[in-house]
Amino acid sequence: MNLPLFLLGYETLETDRANVEALLNLCLRRGLSVSDFAPTDGGGIRFRIGAISAHRLARDCAREGIPLRRTVGGLPARLLRLGRRAGLVAGLAVAVFLLVLSQKFVWSVRVGGNERLTAGEIRQLLSEQGLEVGSYVPSLRMGEIETRALLLSDDLAWLAIHMDGTVAVVQVVERSPEPAKNDKPANLVAERDGTVEGLELYRGRAMVHIGQPVRAGELLVSGVYDSATVGYRYTRANGRVLARTERVFRVEIPLSYEQKVYGESSRAETVLNFFKFSLKFSKNSRNPAATCDIIETTTGEDWLGMRDLPVSILRRTYLPYTQVTAERSPKEALELAWEELERRLSELSNEVQPVGKRVAASITDTALVLECRLDCVENIAVPMEFEVVE
Amino acid sequence: MSDRESLKDRAKRYFGGAFSEMAVLYGNRRATVRGCGKILFYSTEEIRLALRGRELSLRGDDLRCVSFAGGSVTVVGTLRAVEFRESGGTRP
């Protein structure tokens, strides 16, 4: 295909065997250049010429009675066909408009340099100052936003924002936390019952000894010094009192429970989120069932392979269900009970050292009960402040 | 008779390039014929052209006309024979 011919538009002319020489002589008389000259099956010929030349040639053929078949082609013809599809043209125009206009808005806010603060917290802080996804870039005054954000935040020492295309890149430096100073006088008391196994005293006066049983709330280390020479002196007691304790975990699993049975019908909604705007594409007119689960699925941040795209599709599915009563066997209940017990034991602090465990299971009319008695060695000293009235 | 070239012949020689007949062959794949007045016959095996006072027959396979610019006819294809014949001289 001849590129200039395509760009300017062309016509394919065809005639039958009887008029071949007459048509060729007309072309010779006009001094035309043709392309894609080819014979047809019936002995006729077919070729392409420019649209303007074709128009003149067709006029000559009509005058001389030469039958001609004409087919229009090239870019102008295609654009004309496209122009008849108003929706396509409108869509293209909107796309171009958005492409040009979208460069004026913030598409993403990327945060770097944060360690204790989350990116979401920093984005929230900036959003309150006017910088967020969808903000109009020409109206943003970065210097003011940086200053206001620093003044309002106690955790940031430095903040800088610059635009990289449509992405706002935010660099922060956090303030170093000051060590907490607490000089208020305090005693150490027992958090729970136990038998003292060890003492680590940093400050204060021990009131218990190893092997002594203590109750919750009992004084372990005193922050009061009584001196015959200087009188009473108060301090903040500090240390660890390790004691053998017993923790009881009770897990109860009912033998009958309510189970969800999902129906067959479900309906879905599709929502297109573009910056702060939402557009629902489909919505069933039927009302949802009285009880239903709603499952929402959103395309991720790296949708279409592009990071932080401010466009996402949310799909919301409604699954109606009814509640029915179901029975579980003691074996199933026991398995669930063990799972729950393991979960609770895993939540224990690292400061608690288990040294023994006794587990007993029993079945009542309505439930299976799993009871675990855990022997531990742990620090039971907790500070309790007191006021000094002179 | 003088051996000197006549003015008319000289003028023909200098300026007759545009009006004289000429057939230029480019191998056996292309032929440009200048001074063609009319196309007498076309088929993919033979094209007959009317020149001044004679006919030119181009025979071959898959013959196609690609240009008629400037009174010349350019034919491409696989040429096998080029033949001049005397005729009544068809004027364009």
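This is a predicted model: local features need pLDDT of at least 70, side-chain atom pairs count only at pLDDT 80 or more; totals for chains, interfaces and linings use all residues.
Figure 1. Take a look at its backbone: phi of D62(B) is near 55 degrees, a positive value in a residue other than glycine. Most residues other than glycine have a negative phi. Is D62(B) buried or exposed? D62(B) is exposed, because 11 other C-beta atoms lie within 10 Å, and a count of 12 or fewer is what makes a residue exposed.

**Figure 2. D36(A) in strand β2 of chain A.** Here we visit D36(A), a residue of strand β2 of chain A. Phi of D36(A) is near 55 degrees, again a positive value in a residue that is not glycine. With 15 other C-beta atoms within 10 Å, D36(A) is partly exposed.

**Figure 3. Where chain A meets chain B.** At this meeting place, 13 residues of chain A are in contact with 16 residues of chain B. On the side of chain A that touches chain B, α2 and β2 (35-39) each supply at least two residues. Which element gives the largest share of that side? The answer is α2(A), with six residues. Sorted by class, the side of chain A that touches chain B has nine nonpolar, three polar and one charged residues. For the complex, the predictor gives an ipTM of 0.73 and a pTM of 0.45.

**Figure 4. The largest nonpolar core.** This core has 32 residues, and those with the most contacts inside it are L24(A), C27(A), L49(B) and V73(B). Its largest share, six residues, comes from helix α2 of chain A, residues 20-30. In soluble globular proteins, nonpolar side chains tend to be buried together. Zoom in on C27(A): leaving aside residues up to four places away in sequence, C27(A) touches L32(A), V34(A), L57(A) and F68(B).

Figure 5. Chain A holds eight helices and 23 strands. Of the 390 residues in chain A, 17% are buried. How do contacts in chain A span the sequence? Among those between residues at least 6 apart in sequence, 68% join residues at least 24 apart. For chain B, the mean pLDDT is 80, and 74% of its residues reach 70 or more.

Terms used:
Residues are numbered from 1 along each chain as its sequence is written. Chains are lettered from A and ligands numbered from 1 in the order in which they are written. A nonpolar core is a set of buried Ala, Val, Leu, Ile, Met, Phe, Trp, Tyr and Cys residues joined through C-beta atoms within 7 Å. A residue is buried if 20 or more other C-beta atoms lie within 10 Å of its own, exposed if 12 or fewer, and partly exposed in between; C-beta atoms are placed from the backbone. Helices (H or I, at least four residues) and strands (E, at least two) are DSSP runs, numbered from the N terminus. Two residues are in contact if their C-beta atoms, placed from the backbone, lie within 7 Å. pLDDT is the predictor's confidence in each residue, from 0 to 100. Ala, Val, Leu, Ile, Met, Phe, Trp, Tyr, Cys and Pro count as nonpolar, Asp, Glu, Lys and Arg as charged, and the others, Gly among them, as polar.
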